[in-house]
Amino acid sequence: MIKSALGNNGPLLPRLGYGAMVLEGFYGEAKHSSALSTLHHAMDQGIMIDTADAYGDGHNERLIGEVVQARKDDPFIATKFGIVFDPEQPSREIKTGWGFSLNINASPEYAQKALDDSLQRLGVDAIDLWYMHYPDPSVPIEESVGAMADAVKQGKVRYLGLSNVTADQIRKASAIHPINAVQYEYSLWRREAESELLPTLRDLGIVLVGWSPLGSGFLTGNLQKLDSSDFRNTNPEMRGENFDSNKARVEEINQIAARLNLTTAQVSLAWLLAQGDDIFPIPGTRRTSRIDENLLAASVDLTPDVIEEIDRLTRPGTFAGGTLLD
Ligand SMILES: NC(=O)c1ccc[n+]([C@@H]2O[C@H](COP(=O)([O-])OP(=O)(O)OC[C@H]3O[C@@H](n4cnc5c(N)ncnc54)[C@H](OP(=O)(O)O)[C@@H]3O)[C@@H](O)[C@H]2O)c1
């Protein structure tokens, strides 16, 4: 598996990771026992495991903690703080482009509490990579990152990350403490990160961890329709007529995949990996077989012609529907 450093002075890690949010049942049922086997399988591959205290309101971290405790190795775990579910906690409401609101608190006091809770749920002494999930509109990012830097000094966190931030916020944060990774939506249908964010990250030696690299399943060519209870109905790219017009665009990727004897998921991931050794996609799946299928994308060498062909077919603006951050 190809590896790269996770940012300046960061550890060497496989470029493809595993996103554990899918184990919370957002995109279909995930039974406890199969979630545990899926996590064991992902950890057996030595890949970065991505979670957040927000996924299942702590449940996802507990699930990962259960698996970590049963193992003798030391898997690389990334988690996040800043989305609040406890009505007793102060928070700021932000509206997302997917129509729902999130309650955010990235104050230094809350960061400290959230970190101790995450450590306890994961059952570890230190978190490998700790992200601020969303910037808090009422807290200067320097203060949030100052608290995160204190956590590094206390030995509770190894590396710092930010998620869903702007280039300007990244520069301000980096002036306070080195940031190793920024998590942002990055996939064939969400390429906004390429214009301003990615050049800033490259300037500062920070890697881009691409969330929902398979377009929440849409860019695998496997999704035919959504159940009415499916969380993805909130995503404008999958709503109404956008679903059908975007499906026609994915059909073009399906054809490239068939020509190359690959799956569409593998082509989607291989193209992202070809964009630079500082791109770390974190696909999620409930199935061990798909972890293997997705990891094979790391051994695919797309030719420059194919990379260019996919680039042309997926230029920003090609797919209909806005982003979570709109
Ligand atoms: N920072 C943030 O704000 C943020 C936001 C969203 C997500 N994330 C992170 O990004 C991770 C990944 O995102 P995601 O789970 O939303 O989306 P994703 O990885 O783009 O897609 C996951 C979906 O793809 C399906 N899938 C995976 N591999 C497949 C394959 N080879 N063939 C067919 N279908 C396949 C999965 O279904 P099955 O389970 O049925 O295989 C699942 O429904 C999350 O786990 C989370 O860690 C972060």
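## Y18 and the basis of the model

Y18 touches A42, I47, I49, D50, I282 and I291, not counting residues up to four places away in sequence; two residues are in contact if their C-beta atoms, placed from the backbone, lie within 7 Å. The place of Y18 is strand β3 (residues 18-19), where strands (E, at least two residues) and helices (H or I, at least four) are DSSP runs numbered from the N terminus.

## Y18 and the basis of the model

Y18 touches A42, I47, I49, D50, I282 and I291, not counting residues up to four places away in sequence; two residues are in contact if their C-beta atoms, placed from the backbone, lie within 7 Å. Y18 sits in strand β3 (residues 18-19); strands (E, at least two residues) and helices (H or I, at least four) are DSSP runs, numbered from the N terminus. A residue is buried if 20 or more other C-beta atoms lie within 10 Å of its own, exposed if 12 or fewer, and partly exposed in between, with C-beta atoms placed from the backbone. Y18 and N222 are 204 residues apart in sequence, and their C-alpha atoms are 19 Å apart in space.

This is a predicted model, in which local features need pLDDT of at least 70, side-chain atom pairs count only at pLDDT 80 or more, and totals for chains, interfaces and linings use all residues. Residues are numbered from 1 along each chain as its sequence is written.

## The chain as a whole

The protein chain has 10 helices and 12 strands. Its radius of gyration is 19 Å, close to the 20 Å that the globule rule gives for 326 residues, so the chain is as compact as a globular protein of that length. That radius is taken over C-alpha atoms, and the globule rule is 2.2 Å times the number of residues to the power 0.38. The C-alpha trace spans about 55 × 40 × 40 Å along its principal axes.

Of the 326 residues, 47% count as buried. Among contacts with a separation of 6 or more, 75% are between residues 24 or more positions apart.

In soluble globular proteins, nonpolar side chains tend to be buried together. Here the largest nonpolar core has 93 residues, and those with the most contacts inside it are A20, I49, W130, M148, V182 and L208. The largest share of this core, 7 residues, comes from α8. Such a core is a set of buried Ala, Val, Leu, Ile, Met, Phe, Trp, Tyr and Cys residues joined through C-beta atoms within 7 Å.

Leaving aside residues up to four places away in sequence, W130 is in contact with T79, L115, M148, A151, V157, L160 and G161. F81 belongs to strand β5 (residues 77-81) and is buried, with 28 C-beta neighbours inside 10 Å. F81 and M132 are 51 residues apart in sequence and 5.4 Å apart in space, C-alpha to C-alpha.

## Helix α7

Helix α7 covers residues 240-260; at 1.5 Å a residue its 21 residues should span 30 Å, and its end C-alpha atoms are 31 Å apart, which agrees. The expected span is 1.5 Å times one less than the number of residues.

An α-helix has 3.6 residues a turn, so residues three or four places apart point the same way. In α7, F243, N246, V250, I253 and A257 are buried. The buried residues of α7 pack against α8 (264-273) and α10 (304-313). Just after α7, N261 takes a positive phi of about 60 degrees.

## Around the ligand

Of the 30 residues around the ligand, G19, M21, L214, G217 and G284 come nearest; a residue is near a molecule if its C-beta atom, placed from the backbone, lies within 6 Å of it. The shell has 10 nonpolar, 15 polar and 5 charged residues. In this count Ala, Val, Leu, Ile, Met, Phe, Trp, Tyr, Cys and Pro are nonpolar, Asp, Glu, Lys and Arg are charged, and the others, Gly among them, are polar. Helix α9 (residues 288-295) gives the most to the shell, with 3 residues.

L214 lies in the loop between β11 and α7 and is buried, with 27 other C-beta atoms within 10 Å. Apart from its neighbours within four places in sequence, L214 is in contact with S187, L219, T220, A265, S268 and P283.

## Two positive phi angles in loops

S216 has a positive phi of about 55 degrees although it is not a glycine. S216 is in the loop between β11 (207-211) and α7, and counts as buried with 24 C-beta neighbours inside 10 Å.

D57, also not a glycine, has a positive phi of about 50 degrees. D57 lies in the loop between β4 (49-50) and α2 (59-69), and is partly exposed, with 13 other C-beta atoms within 10 Å.
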